[in-house]
Amino acid sequence: MGSGASVSRRTGEASTLHWEKFLHSNQVAPSAPTLTEDDRERINICRYFDTQTGLWLLLPLHWEMDVDFVRHRVQQVMKALPGLVDQKEIAAALRQCNYDSDEVISIYLTIFGDVLLETHKGAQSYPDSNVFRSHSEKNQVIEDLQQRLQLKEKEAEDLLQRSSCLSQESQHLSDVVQNLTRRVVQLEADKQVAMEKLRALLSHTNDPPAQANVKASVDHQHLQQVSRLARELSVSGKQLRSTVHSMLANMQEQLQQFRAEAELMIQRQQQAHAAEASERRALCTKVLELQGNIRVFCRCVRQSDSAGSTGCLEVLSDQELLLVQKGGKKKFIFDSVFSSSAYQEQVLDGTLPIITSCLDGYNVCILAYGQSGSGKSYTMMGLKDSPGINIWSVTELLRLCKERENCTYTIKISMLEVYVESLIDLLCENLHSEVEIRTQGRSVAVPGLTQVEVRTEEDVLSVMEMGEKHSHLTPDEANTESSYSHLLLIVTVECTDIVCGATTRGTLTLCELAGSERISKTQATGQRLTETASINKSLMALRQVFSALKSNALHVPYRNSKLTHLLQPCLSGDAKVCVFVHVSPDVKDAAETLNTLAFGSSIRQIALGKAPQNRTPAKTPKAEK
């Protein structure tokens, strides 16, 4: 009774302080109680008489809430403001406002607005009942980011208009140069005509007389005038030619300068546009990180060479994919789309920023989903000359650890598989050694799971080879090397900063899900039939978990399957999640492809919340003592 009263007393005092600050900052003075008979009775109800001091003292807040008078006004406030569910805070506010419920309602609406008029769904499932405050702050951040995004788009449009004006000016200068060139050609032609006339005139004056007995009368003054005109015409032609060539050279030089400036402006415009696009994508990514959305990548497998097989997928861009089925077309949008011609390095580079955040103390989860034969194993495990995400990610973590000289790292690997609702430790010396899941509060642990420390790339390859030997692989009609279990690789990274002494712990969970197939397609019987049914059941449980997260359900069925129970920490908001959906372009797989694309498009809309950083500050000398 004493501890409960102290907790309630502290909560009431904190709420009282909050209301006193608000009333003082907004200059709102609670109405003082008058000395009527009813008010004296009201004050006596919420106080008790202390025989030692001889004073009437305030009741503890949780005692006061049991009084019918206070409980009735708390219910009035909650009925008027459905979004407010903390009864202790309402009781503290009533105490400050002299138990005037109307005044409490008006003050709450002034602080938080109309958000309290809406019923908060699922408020009972949150430890903090005042979730609307964090939602209001988050919405404000999102609105600021959207305003910045609109401003950047407007700047990009202005740059595009300026580039268009420069292009028009360059075209105008080109037209001027062409007109000058045509004028020079016309002047050259006029000069040729004048020279021909002059030659004809000179040849006519130099001809011998037709008859010997007729003496030609020659006008020497006329000849001198013609000769003078010819010389002047020749000099004028040379001057004109020199002037035109000079003007043409200047115009060409100016045109080249304008072209160079226009190309430079266009190049700067392209760079600015690329920078704006990159910043716009970064802002969108920041908004998605703030909301904690699941990132979804889509990868297409190479088309089979079977006779009569045609593709049903068309990659429109690096984020858009078009599915053609039964004469209809449907477009899907993902965070990244990798076509069948994409190299393994391109896929791995897309996941590098997510994987490296594990070194900073964040939990990361990458899932590979798709039907059998769609390329999940190639993406996750890869080949000897083209490693997949499993080997490449651990190798990259080792390389980055060596580059950070001010920190010491310890990397440990565990491998296990979920086979027919059983957890099998693949790195244990005893073949098919089973382990169990233990829940400790919100955390999920697997006691006894083997962890192997790795320091070089050879250690990583050795661990992967051991795990692959112990896994369940069985050929069937859908795939020559089909896995009948879900394979999980868990990488734990512990970092200690030598300078400040802080410690971070991050976990990288890489999960290759078994292929989702119809039993009629796999033609499985006996034990294989049991394995296929178990896989379909666990994948259905995974879909149910994603569906509950998308609809913000009060209960998420994590324990319907060992797979979802093991992935609970990753899917409950404690990790950055990335899902690879693998699809086949063959028409015969169009139905499975449609289901996979719809699944990926649906989970892309799920917001898990921003993942927390697992960081432990350095111990102070006082704490060590």
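How does F112 count, buried, partly exposed or exposed? At 21% relative accessibility F112 counts as partly exposed, where buried means under 20% relative accessible area, exposed means over 50%, and partly exposed is in between, using a 1.4 Å probe and protein chains only.

Before going further, note that this is a predicted model, in which local features need pLDDT of at least 70 and side-chain atom pairs count only at pLDDT 80 or more, while totals for chains, interfaces and linings use all residues. Residues are numbered from 1 along each chain as its sequence is written, and side-chain values use heavy atoms, with hydrogens and water left out.

**Stop 1: helix α6**

Helices here are DSSP runs of H or I with at least four residues, strands are runs of E with at least two, and both are numbered from the N terminus. Y108 is buried, with a relative accessible area of 1%. The structure holds six aromatic pairs, and Y108 with F112 forms one that is stacked, at 6.2 Å centre to centre and 25° between the planes. Rings of Phe, Tyr and Trp (its six-membered ring) pair if their centres lie within 6.5 Å, and planes under 30 degrees apart count as stacked, over 60 as edge-to-face and the rest as tilted.

Now step back to Y99, in the loop between α5 (87-96) and α6. Its phi is near 60°, a positive value in a residue other than glycine, and at 9% relative accessibility Y99 counts as buried.

**Stop 2**

Select residues 47-50 and 55-58, which are strands β1 and β2, paired in the antiparallel sense over four bridges; two strands pair if DSSP finds at least two bridges between them. Y48 has L57 in β2 as its bridge partner. Four residues stand between the strands of this hairpin, and G54 takes a positive phi near 75°.

**Stop 3: the three-stranded sheet**

Next, display β4, β5 and β6, an open sheet with the order β4-β5-β6 and antiparallel pairing. The edge strands, β4 (313-315) and β6 (328-333), each pair on one side only, and the twist averages 20° from one strand to the next. Three bridges join β4 to β5 (residues 320-325), and E314 stands opposite L322 in β5.

**Stop 4: strand β19 and H582**

Move to H582 in strand β19 (residues 575-583). H582 is buried, with a relative accessible area of 1%, and its side chain makes a polar contact with the side chain of T379 at 2.9 Å. A polar contact is a pair of N or O atoms within 3.5 Å; within protein, one must be able to donate a hydrogen and the other to accept it, and residues adjacent in sequence count only if both atoms are side-chain atoms. Leaving aside its neighbours within four places in sequence, H582 is in contact (heavy atoms within 4.5 Å) with residues including R299, Y369, K376 and T596.

**Last stop: a ring cluster**

Finally, select F297, F338 and F580, which ring pairs link into a cluster.

Terms used. Axes fitted to C-alpha atoms, helices over the stretch in contact; angles between N-to-C directions.
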